[in-house]
Amino acid sequence: MRKKFNYFFMIISLILISNGFAQTTTAAPKPDFPPSYYDIVALFLIAIIIIGFITIVYFEGRKVVVNDERVLQKQPSAFAKFRRAITKTTPVETENELLLNHDYDGIRELDSQIPPWFLWLFYLTIAFAVFYMLDYHVFNSSPLQDEEYQMQVKQAEAERTALVKSGAFLNEESVTLLTDPAAVDAGKQIFEANCVACHAADGGGLVGPNLTDDYWIHGGGIKNIFKTIKYGVTAKGMISWQSQLNPKQIQDVASYIISIHGTKPANPKQPEGTIWKESDSTMVVSK
Ligand code: HEC
């Protein structure tokens, strides 16, 4: 009997300890929000243990019908023994022996023993506390709250940097002019692949307006050009590019367009729109 009992707790301790080791072996433990796989497993086990205990403690046996009468069927012996072991208590008949001497206005106290199942739960919490302390405060293998927070901040910053790099935050308000050759060259590739049919290879204009002169229909400067490319002027034959080019690509091609300002195209189209000066670099509100 005792053997079986020990076996049960050995398995549970093994699971808890292996859980701890699994966490210590990962080089940089991940912050546990959302809770990690191990946290969920541990919580699940604890819930099962508690529910199991309660079920066993309160289980009385199955009711079966014998000769038209519902009677309590005897529990299978191994289960009954186990149940008795964890609910061991003094029988009501001998309870008198446990009576303590003192008497408070007629209320007398029984010195009954604590139910073993309750004790075991208590021991389990002690074991957990030891394990917890070793894990968090001696071997420092799991991060404390502050460390966890720092790790989350670091991760969020890394994610943000990656997003900024990918241009996810770029819009007509935040876009800036790029002048580094790599970006301008990338913009040139995009221009040659998508825009030359209407704006000519040198930007002099065909169906679309000349992009190299000082005149802009929808405003010059990186922000306005970005906006025109992003949303297009569909009524006039300039499509919206935001479904085909990502914000970074629009920034590149807009920067390229600004880089060819003032060049002399072979067949420049007549100026359209109004003169744009970079000094009044506010955005043109209406199209
Ligand atoms: C199908 C033809 C067509 C293509 C392709 C095209 N555009 Fe246009 N684009 C136009 C037309 C037409 C206009 C003028 C719209 C208007 O009159 O309001 C225009 C206007 C513009 C303007 C605004 C010019 C101004 O004076 O305000 C920019 C900037 C521009 N296009 C950039 C591009 C870029 C970059 C591409 C390629 C990614 C591109 N366009 C592809 C037809 C085109």
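A polar side-chain atom of His218 lies 2.6 Å from an oxygen atom of the ligand, a polar contact in the sense of a pair of N or O atoms within 3.5 Å. The structure is a predicted model, in which local features need pLDDT of at least 70 and side-chain atom pairs count only at pLDDT 80 or more, while totals for chains, interfaces and linings use all residues. Residues are numbered from 1 along each chain as its sequence is written, and side-chain values use heavy atoms, with hydrogens and water left out.

**Around the ligand**

- A polar side-chain atom of His199 lies 2.7 Å from a nitrogen atom of the ligand, and a backbone N or O atom of Ile217 lies 2.8 Å from an oxygen atom of the ligand.
- Among the 21 residues around the ligand, those that come nearest are Cys195, Cys198, His199, His218 and Met238, where a residue counts as near if one of its heavy atoms lies within 4 Å of the molecule.
- By type, the shell around the ligand divides into 14 nonpolar residues, six polar and one charged; Cys and Met are counted as nonpolar, and Gly as polar.
- The largest share of this shell, three residues, comes from α8, a helix being a DSSP run (H or I) of at least four residues, numbered from the N terminus.

**Helix α5**

- Helix α5, residues 145-166, has 22 residues and reaches 31 Å from its first C-alpha to its last, close to the 32 Å expected, the expected span being 1.5 Å times one less than the number of residues.
- Just after α5, Gly167 takes a positive phi of about 85 degrees.

**Salt bridges**

- A search of the whole structure finds three salt bridges, each defined as a side-chain nitrogen of Lys or Arg within 4 Å of a carboxyl oxygen of Asp or Glu.
- One of them joins Lys230 to Glu172, with the closest N and O atoms 3.1 Å apart.
- This pair links distant parts of the chain, since Lys230 belongs to helix α8 and Glu172 to the loop between α5 and α6 (181-194), 58 residues apart.

Notes
A polar contact is a pair of N or O atoms within 3.5 Å; within protein, one must be able to donate a hydrogen and the other to accept it, and residues adjacent in sequence count only if both atoms are side-chain atoms. Helices (H or I, at least four residues) and strands (E, at least two) are DSSP runs, numbered from the N terminus.
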